[in-house]
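Dear colleague,

Please find the structure below, as a handover for your own work. My notes on what was found in it follow directly after.

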Amino acid sequence: MALYRKYRPASFAEVVGQEQVTRPLSVALDSGRINHAYLFSGPRGCGKTSSARILARSLNCVQGPTSTPCGVCPSCVSLAPGGPGNLDVTELDAASHRGVEDMRDLRDSAIFAPAESRYRVFIIDEAHMITREGFNALLKIVEEPPEHLIFIFATTEPEKVIGTIRSRTHHYPFRLLTPQAMRGLLERTVEAEGVHVDDSVYPLVIRAGGGSPRDSLSILDQLIAGTGPEGLTYEIALPLLGVTDLSLIDAAVDALAAGDRAAMFTTVDDVIEAGHDPRRFVEDLLERLRDLMVLQAVPEAFDLGLVDAPTDRAEILRQQAAAFTAAQLAHLAATTNDRIADMRGATSPRLLLEILCAHLLLPPAPVQAAGGVASAAVATASPTAAPAATPAPADGKVFERPSVRRAREAAEKAAQQQTTKEPATPKAPEPTPEPKPVPTPPPAPATPKQPEPGPAPAPAAPAASVDPVEMIRSRWSEIRQLVSGRNKIAGIMLAEARVLGLREDTLTLGHNTGALAERLNAEMNNRDIAAVVSEEAGRSLKVHCVIGTDPAAAGFAAPQPRQEVWNPQQPATPPATPPAKPAPVATSEPTPPPAPVSEPAPTPTWGQPRPIGGQATPTPAPTPPQAPAPAAAPEPAPAPTWGQPRALGGEPAPAPAPTPPPVPEPAREEPQPQPRPWEAVAERAASPSFGDGIPLPPEPDDEDIEPAPPVESAPEPAPQAPPVSSRREEEEMMVEAAQEPGTFDRRDATTIAVELLEQELGARRL
């Protein structure tokens, strides 16, 4: 029979290392305070199931409930370790009976009274494996069980037991055994077996068992099974447990203490040649470094049980601990611990072991004064800062994360560029003060002017104190592109977001869509946005998105409007260039009204819709280029060229058409070649209708009324009145259209784009 089964405890007094459980349970049994459900939790192999059987035996003892079962009654005999068991105590493995049907069967059988005992006890092992539906099927009977029913749940993961079940149980947590308690258990077991075991073997078994009584007894059982009459020796246990030979560990520690590279790499070769696992060698080396570190800090560690090494090696370990400083041992242990994970699954474990040894053999100077190394590095970078850096070696941070290092390097580079630019500006004014001292009488007033170029570095302050909100607003499109590089979805959702303001270290964004604002606040998107904003702002910032793009609604000041937007109502500076063009306007004095209005005429192509709201100012503006062309009759010529389409819109339009044929014909043909830039416009305007929807009249050559009195054509400028009325009608229509209530398009950009594609390309929505 296996040792862990043979020496299973039969009462709470025999349970080792679980006093936090056995003591209160014993008191409850002796006082008669019995609960209907218990929950035993803890690591595997620490005695949960054994304690559950002891509890069932104590409950059904003839002299019970008692914490000390008699051991002679039928119930105690049947429930003793190795006993046959009885019908009233049922053990159920939930790993294989975890469904709802299994729990229903248990519930249906639990209502029957016990056959021969006081209680019906159900021990459910691995209770965390029961499904939620199974727990729900069992919930009702656990809440209100019969008087004769008791449940004992045993599990290694109590958090997986649903809360409604867990809240109705008495929870007792088990734990792993301490090395001292485990050694006592192993020694009693070995004594009961009558086998000789060397003292140096116990630490190996305890370390291999990991604090679990069942695992430790199983390992001891295996070792004892392979021993002869001489008993279990260290030499027999060492290869079976896969532990590295102590001589190899001693050689590695001595090489590290002496800094002997040749001896260290020779030891690595011996480890490989002996067939030891390199990872296990690193683990054992780390364990030795730990023992040395504890021995150096606590000289009486062996007496206090803080070191698991054999007592006959106490002197050797003390000598090894004295060969190192505390900083050296801490550095060696930390380096080994950091690189031990790389050994798992390595394709070339020997190479990784040699790399580890190379790191451990680095000069000890940086380890002894890590802070000094940091200060020395600062001293090399900035000699003036060395005295200030040396008093603070307490940090001792030699390693920097890549992100921190990149940020620091970027900051240093920016500072260097700024410092190189700052002295360059003062150097230019510095030579100027040198010649100024030549006139010695005036230097007194001149010297106060010298500080003015001197403060050239002052602009650096405003640059550093630039409002981060304004900076982010001005570079918002670039920031969105950077966010898209990290998180494409977040970059798309930021398209309609607006920067509202900064409160403490949180940048507030506004969005018109609540769903998108919520998604921007999600961790997977917010993390990337905050990272980009922090990098651009040069400080650590958080980002929070709210609904709405009004800064005032979010408690921030509205941003200052930018004056760079074009405003046709204030062309203060543009008229400086157009005054050259009004010169020909002076020649066309027959039309005095257009002369004062010709100032906004420099932008007829862009501003024409707005001047229309005035007194028909755009019409006189194009006339000046045509005025100089005719010599004999210039006055009627400009009116028909630009005003004829509008004259057609009125009632007297047919009359002016026949009157000008002889004179306007040369006037129209001569000025046409001049406005070459407008030919394209005239060609496009030939097909559509003009303001009142009437097409152009036929050419004057088609008219038969050529002998019409040309003298009467002199008063023809009067027909320009109808265009004014027609324009006023158009203006009134525009005003009425502008006053009509508008409708807001609430669709997003994606919906509009899809609809345009459907309309223009005939595409269909997928």
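A polar contact, as used here, is a pair of N or O atoms within 3.5 Å; within protein, one must be able to donate a hydrogen and the other to accept it, and residues adjacent in sequence count only if both atoms are side-chain atoms. By that criterion, the side chains of R313 and D250 are joined by a polar contact of 2.8 Å.

Two remarks on the source are needed. This is a predicted model, in which local features need pLDDT of at least 70 and side-chain atom pairs count only at pLDDT 80 or more, while totals for chains, interfaces and linings use all residues. Residues are numbered from 1 along each chain as its sequence is written, and side-chain values use heavy atoms, with hydrogens and water left out.

R313 and helix α16

R313 is located in the loop between α15 (301–304) and α16 (314–322); helices are DSSP runs (H or I, at least four residues), numbered from the N terminus. With a relative accessible area of 13%, R313 is buried (buried means under 20% relative accessible area, exposed over 50%, and partly exposed in between, with a 1.4 Å probe and protein chains only). Leaving aside residues up to four places away in sequence, R313 touches L246, D250 and R288, where contact means heavy atoms within 4.5 Å.

In α16 itself, the buried residues are A314, L317, Q320 and A321. Seen down the helix axis, these buried residues fall within an arc of 130°, so they line one face of α16; the arc is that of the directions from the helix axis to the C-beta atoms. They pack against α12 (246–258), α14 (278–297), α15 and α17 (326–339). The face turned away from the buried side of α16 carries the exposed residues Q319 and A322.

The second largest cavity

Four cavities of 30 Å³ or more were found in a search of the whole structure. A cavity is a set of points, on a 1 Å grid over the protein atoms alone, where a 1.4 Å probe fits but cannot get out, and its lining residues have an atom within 4 Å of a point. Grid points are joined across faces, edges and corners, and a volume is the space filled by probe spheres set on the points.

The second largest cavity holds about 180 Å³ of space. It is lined by 17 residues, of which R207, L246, R288, D291 and A309 are the closest to its centre. At least two lining residues come from each of α9 (201–209), α12 and α14, and α14 gives the largest share, four residues.

T66 is in the loop between α3 (48–60) and α4 (74–79) and is buried, at 11% relative accessibility. Although T66 and L29 are 37 residues apart in sequence, their C-alpha atoms are 5.2 Å apart. A polar atom of the T66 side chain lies 3.2 Å from the backbone nitrogen of T68.

Q20 belongs to helix α2 (residues 19–31) and is partly exposed, at 26% relative accessibility. Its side chain makes polar contacts with the side chains of Q18 (2.8 Å) and R175 (3.4 Å).

With kind regards

Definitions and conventions
On a 1 Å grid over the protein atoms alone, a cavity is a set of points where a 1.4 Å probe fits but cannot get out, and a pocket is an open set with protein on both sides within 12 Å along at least five of seven lines; lining residues have an atom within 4 Å of a point.
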